[in-house]
Each structure stands twice: as structure tokens, then as C-alpha cells.
Amino acid sequence: MSALVEAKGLTKHFRIGRGQIVHAVDDMSLDIHEREIVGLVGESGSGKSTFGKALLGLHDKTAGKVRFDGETLPGRYRPADFQRYASRMQMIFQDPYSSLNPRMTVGEIIGEGLRLHSDLSGAEIRERVHDWLRRVGLEPDHASRYPHEFSGGQRQRVGIARALIMQPQFVVCDEPISALDVSVQAQIVRLLGELKSSMGLTMLFIAHDLSMVRYVSDRMAVMYLGSLIEVGVSDDVFFRPKHPYTELLIGSNPQPDPRIERGRETVAIEGEIPSPVNVGAGCRFAGRCPKVMSVCRTDTPPLFKVRDETGERRVACHLYADGGDTAPSGVQGNGGSNGGGV
Ligand code: SF4
């Protein structure tokens, strides 16, 4: 599989005055292959949404680059760039209510992208809107209704139809289920899984619920305080996490899967995620890590390549500097940065 989206050293900082800088995303490198869903997980404030928006040009990039389908995207989008990439890259938003214009009918909302970015006639757009309403489990006659007439789950189906009617090559789903009831979350995740199979979607799926992410994604990437700290095949990461933070994150999952290894340490994550303002050297998880060592406080761990039972894994933790417990003798870092897509 070739990479459709390649982030190389992607960095997004926000200046907040008095010389203070929020390190929302630091030196993130991640490849997303064609027809692959990568789940991106981490606590609130870890930088997941900022990374997804920077990929799509919704945030200017402070440093690093994004390549899409072999083309390097602008660091700062101009209006023409949004126009140019609108039909190829789309976002499905967290809050299906606030992202839908309450004054437009659902048919107008879903068809708006085609009206702006295609040469289709009004009748052709109507036909596609009806088709997409069916594909997301709604009825064609829902096109004449307004967003407030729908439940949260139905509104998210409208948001999905609005994004996918453009036949995008790449979609960022930014916490698409977190505002929904648990039973509805499962329906939406199932729908996205079906659409992935039928459309060959390539997707970054951002969410809190690791069991949902595991269900829908091929690989799972874990962020902590603006950095990528572990990435691998979803089942490997979920059932056999290597980074202490991933282990705690999965252990604190409200609905742990019974197949999670018995006897594994499942201590709750203590404390809050630290402030991302003026982050210093060393491992960013050191202040909360039960396995912290002196080197962790001074040296930032690169992503070490660790081969595990069923796939390739990268873990940013000094515990893997000498190969870790399952790493082969050829374990290698990447020179102190997250450079090199994973
Ligand atoms: Fe813990 Fe050190 Fe690994 Fe960071 S580098 S996760 S502090 S053991």
C-alpha cells in the first residue's frame, strides 16, 4: 500500500502572548495509506484535532509538511487552495448540530458541496442527495427537513453524507461519535466501517473510545501532549500496548475488552495532562509515568522501531532504547525526532 497522506515533522504552535507558546502538535510524522483507517487516540488536550485540522489545511502549519497523493500541500492555505482540495479531502465534525446550518434543509446541506464545486445540474444533485440519504440510513424525503427535526445520531448521518457525497480521497473524522449515546455510537461506527469497505475510504478517525477506534481502524496512533508516542496495528496496540501511557489509557478504558491480557498492570492514569505551554526537554509523560527513569527527565525519547508478534510498532519510550522485551536486536531510533513516516 502506498501512502496517500504523509505528515513529516508536522508542527503547530499557537502564540498566546508574553512569549508563551502552546505546543499543540510537535514534530508529528505519520503516513496514512490508501484505503486505510488510522485511529488517533489520546486524552483531551493531546493535540489530536489540531493534527487532523493541520492535515486538511484548516490550521496553518508552524513547521513540517504534508504530502497528499504525491503533492506537497501549502503551509498556509489561500481561498483557492480550499476550493482546490475541497472535493478531495473532507472533514466529519464532532458536533453534528453546530456544524449544520439550521436555516438550510438537510438536502441543501448535503448538496452544498456539489453546488459549489461541481458542474452537476440541480436535478443531478438532488438525485445524489437522495442516494446518499439512503446510504447513510435515512430517507430521501428527509431532504426537505431541517437539522433540528433530527436526533443526534441522524444529524451525524447527515454530516457523513455531506462529507462523502464529494467522493473525497481522504476524510478526517474528528470525534464523530463523542456527542452521541453509546448505542448510537456503535451504529455510526458500523456505518463508517461499511462505507470504508464499499468506497475504499482513507480516513483518520479521531476518538476517545479505544474499543470503538480498534473496531473501525487498521492502525492505531497514540498522541500525548502534542507528540506521537506509539503507533502500530490496531489489535496489537490495543491488546499488547508497549508505551506506559498507552497501557494506562487502555487500562482506564470504561469498557475493557475481555481479551486484554490478564494480569497486565491496569493502574488509573494519575493527574491531569500537563499544560502544553512552553514544553521542555525530556519525555512529556515523565511527570505521570510509573516507570520513569532519570534519563526520561532530560532526554526526549525518539520513536523506536519495535517489531512485535503481528506487525511493526514504533514506541517513543526509553524502555525500548535497547530493544525492549520483544524488540529484535536491530531496534533503531530515528535520530531524536519523529521524522520518517510511520
Ligand atoms: Fe515513562 Fe520514561 Fe518511557 Fe517516558 S520515556 S514513558 S517517562 S519510561
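I take a nonpolar core to be a set of buried Ala, Val, Leu, Ile, Met, Phe, Trp, Tyr and Cys residues joined through side-chain atoms within 4.5 Å. The model I am reading is a predicted one.

Core. I looked up the largest nonpolar core and found 93 residues in it, with Phe51, Leu55, Ile160, Phe170, Leu204 and Phe205 having the most contacts inside. Helix 6 gives the most to this core, namely 6 residues, and the core draws at least three residues from each of domain 1 (3-103 + 154-224) and domain 2 (243-338). Leaving aside residues up to four places away in sequence, I noted that Phe51 touches Ala7, Leu10, Val25, Met28, Leu30, Leu40, Leu204 and Met223.

Strands. Strand 6 runs parallel to strand 7 and is joined to it by 4 bridges; Met91 has Val172 of strand 7 as its bridge partner.

Loop. I found Ala179 in the loop between strand 7 (170-174) and helix 6 (182-199). I list Ala179 as partly exposed because its relative accessibility is 49%. Between Ala179 and Gln156 I read a C-alpha to C-alpha distance of 9.4 Å, with the two 23 residues apart in sequence.

Cysteines. I list Cys283 as buried because its relative accessibility is 18%, and Cys289 is buried too, with a relative accessible area of 14%. I checked for disulfides, and the structure holds 0.

Notes
Residues are numbered from 1 along each chain as its sequence is written. This is a predicted model: local features need pLDDT of at least 70, side-chain atom pairs count only at pLDDT 80 or more; totals for chains, interfaces and linings use all residues. Side-chain values use heavy atoms; hydrogens and water are left out. Helices (H or I, at least four residues) and strands (E, at least two) are DSSP runs, numbered from the N terminus. Buried means under 20% relative accessible area, exposed over 50%, partly exposed in between (1.4 Å probe, protein chains only). Two strands pair if DSSP finds at least two bridges between them. A disulfide is a pair of cysteine sulfur atoms within 2.5 Å. Domain bounds come from an automatic or database domain assignment. Contact means heavy atoms within 4.5 Å.
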